[in-house]
Amino acid sequence: MKKHLFITCSVLAGLALTIESCTKKIDDAYQNPNALVVEPIEQIMPNVIANMCISNTAQGSLYGPQNDGQYVGRYVQFWATNTSGNQYDQMGMTTTNSTAAAADIGGSHWAMLYYGQGENLNKIIQWGIEQKKWDYVGVAYAIRAWAWLCTTDMHGEIIVKEAFEKDRLVFDYDEQSVVYEEVKKNCRLALDYLSKTGDGVDAANLGLGTQFFSYHGDVEKWKKFTYSVLARVFHRTTNKASYLADSVVKYCDLAINNIADNAYVLFEGGRSEK
């Protein structure tokens, strides 16, 4: 009986090893036939940056703050429309107009954060760490922090904790306090990675991915951008006992203080700036 049990266990163990070996071979043999398994992060970053303003892709068009701005500008009366009875002249919401709702008007910040940049930034961070391209990882975290803040400024409560869980169909929204802490965390990670040297850090190579942003491969300017986001997020709670004015001043001093350091998205047609 003992001998039989030993033989059975040995057979099962061998079978398990065989299955595991087969699994590894199948994974290696049947990788994505339509694209590289790991894309160059230098080629992913340009579209991420385009989304900071506005982007057009085969999967969707006009995502980014610039698109939302034309409608928000009407709502807050920065400018008016020449159409009589326009819903924005009446302080109307986009959901009251079926055409506007179908066009996703007012949803471009949302699409920027979760779609246009979403998984693309996740991959830049993941592959950037694997390839030790710390500068790319730092820039990715800086852009993600900025996107969190922009989106919560417009929409209030947004999805943070469950944002990139791919197996979900329903998501819980988080309070703005949670978003603000996520912004701070991403800024600190950005500064940590932007301060790293050696390995795959290379200003010229970073410039390839950030060629459509005014900072290109200058990590010191990217740090100033990050400090600017920190100054803004710390200044979002001015009417609360937790407000830290000294932190706002500290980060403002470290942030963009010169017109030469202003952040611009660049466009090909004469490299105009937005």
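**Helix packing and aromatic pairs in a predicted model**

The buried residues of H9 are covered by elements that include H6, H7 and H10. Here buried means under 20% relative accessible area, exposed means over 50%, and partly exposed lies in between, with a 1.4 Å probe and protein chains only. Cover is judged by contact, defined as heavy atoms within 4.5 Å. Helices (H or I, at least four residues) and strands (E, at least two) are DSSP runs, numbered from the N terminus. The model is predicted, so local features need pLDDT of at least 70 and side-chain atom pairs count only at pLDDT 80 or more, whereas totals for chains, interfaces and linings use all residues. Residues are numbered from 1 along each chain as its sequence is written, and side-chain values use heavy atoms, with hydrogens and water left out.

The protein chain holds 10 helices and 2 strands. Along the sequence the pattern reads α-α-β-β-α-α-α-α-α-α-α-α. Of its 274 residues, 40% count as buried. Among contacts with a separation of 6 or more, 63% come from residues 24 or more positions apart. The accessible surface is about 15,900 Å², and carbon and sulfur atoms account for 55% of that surface. Accessible areas come from the Shrake-Rupley method with a 1.4 Å probe; for residues, only the protein chains shown count as cover.

H9 has 16 residues and reaches 23 Å from its first C-alpha to its last, close to the 22 Å expected at 1.5 Å a residue. The expected span is 1.5 Å times one less than the number of residues. The buried residues of H9 include Trp 222, Phe 225, Tyr 227, Leu 230 and Phe 234. Lys 223, Thr 226 and Ser 228 are also among the buried residues of this helix. H7 has 19 residues and reaches 27 Å, close to the 27 Å expected. Its buried residues include Val 179, Tyr 180, Val 183, Cys 187 and Leu 191. Glu 182, Lys 184 and Asn 186 of H7 are buried as well. The cover over the buried residues of H7 includes H5, H6 and H9.

The largest nonpolar core has 56 residues. Such a core is a set of buried Ala, Val, Leu, Ile, Met, Phe, Trp, Tyr and Cys residues joined through side-chain atoms within 4.5 Å. The residues with the most contacts inside the largest core are Ile 124, Ile 143, Trp 148, Val 183 and Phe 225. Two or more residues each come from helix H2 (41–50), helix H5 (108–130), H6, H7, helix H9 (219–234) and helix H10 (245–254). H6 gives the most, with 14 residues. Leaving aside residues up to four places away in sequence, Phe 225 touches Met 52, Ala 142, Trp 146, Phe 213, Tyr 215, Ile 256 and Ala 263.

The aromatic pairs number 14. Rings of Phe, Tyr and Trp (its six-membered ring) pair if their centres lie within 6.5 Å; planes under 30 degrees apart count as stacked, over 60 as edge-to-face and the rest as tilted. Tyr 141 and Tyr 193 are stacked, at 6.0 Å centre to centre with 15 degrees between the planes. This pair links distant parts of the chain, with Tyr 141 in helix H6 (residues 134–155) and Tyr 193 in helix H7 (residues 176–194), 52 residues apart. Both Tyr 141 and Tyr 193 are buried. Tyr 215 and Trp 222 are edge-to-face because their ring centres lie 5.4 Å apart and their planes stand at 90 degrees. Tyr 215 is buried at 3% relative accessible area, and Trp 222 is buried at 0%. Ring pairs also link Trp 110, Tyr 114, Trp 148, Phe 164 and Tyr 173 into a cluster.

Two lysines belong with the rings. A charge sits over a ring if NZ of Lys or CZ of Arg is within 6 Å of the ring centre and within 35 degrees of the ring normal. Lys 184 lies over the face of Phe 234, at 4.2 Å from the ring centre. The charged end of Lys 196 sits over the ring of Trp 134, 5.2 Å from its centre.

Loop positions complete the picture. Thr 237, in the loop between H9 and H10, is buried at 18% relative accessibility. Thr 237 touches Tyr 180 and Tyr 243, residues up to four places away in sequence not being counted. Lys 132 lies in the loop between H5 and H6. Lys 132 has a positive phi of about 60 degrees although it is not a glycine, and is partly exposed at 41%.
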